[in-house]
Amino acid sequence: MSSHPALSYDRMDTVTKALEEVLSSALPQGCITVGVYEAAKSLNVDPDNVVLCILATDDEDVKDVALQIHFTLIQAFCCENDINILRVNNTRRLAEILGGGGKQGGEPMDLHCVLVTSPHSSSWKDPALSKVNRFCRESRCMDQWVPIINLPER
């Protein structure tokens, strides 16, 4: 298996850190939507405000047919609306980044889909978000429409 030079470990690490920064700074601004249904509603109501869509899976999720169908529909919608989309392969790490260890008011959060929206107040110029978006664009140029990011445990 030949590794693609553009997807070096350094680059992947940079994108991973950038993604963590984006999530950490969007959270206190109320710019995170968590959950497949909530994300679908948000995408339907205000797609122009969505700056990034993250689909997260763990190994056992591959067998979940309903979830894969949701993912396919969300991916199609994002592609149609020019919304950058990423796959993340560690929902536990995602839960840590989003605080609360994946619980929201005692209930486990549905972290399979996370949307990052831009705050209405400002045109959000986040250098970390620019990095993530550039990575998505470059991946598309290599026909990777939904690039996968490995979120390592901290």
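**Notes on the fold and its cores**

1. Of the 154 residues of the chain, 45% are buried, where buried means under 20% relative accessible area with a 1.4 Å probe, protein chains only. The model is predicted, with pLDDT of at least 70 required for local features and 80 or more for side-chain atom pairs, while totals for chains, interfaces and linings use all residues. Residues are numbered from 1 along each chain as its sequence is written, and side-chain values use heavy atoms, leaving out hydrogens and water.

2. The chain contains 5 helices and 7 strands, these being DSSP runs numbered from the N terminus (helices H or I, at least four residues; strands E, at least two). Their order along the sequence is α-β-α-β-α-β-α-β-β-β-α-β.

3. Among contacts with a separation of 6 or more, 83% join residues 24 or more positions apart; contact means heavy atoms within 4.5 Å.

4. The largest nonpolar core has 30 residues, and L19, L23, L52 and L98 touch the most other members. Such a core is a set of buried Ala, Val, Leu, Ile, Met, Phe, Trp, Tyr and Cys residues joined through side-chain atoms within 4.5 Å. Elements that each supply at least two of its residues include β1 (32–34), β2 (50–56), α4 (91–97) and α5 (127–141). The largest share, 7 residues, comes from α1.

5. Beyond its neighbours within four places in sequence, L52 is in contact with residues including L19, I83, V114, L129 and C136.

Note on methods
Buried means under 20% relative accessible area, exposed over 50%, partly exposed in between (1.4 Å probe, protein chains only).
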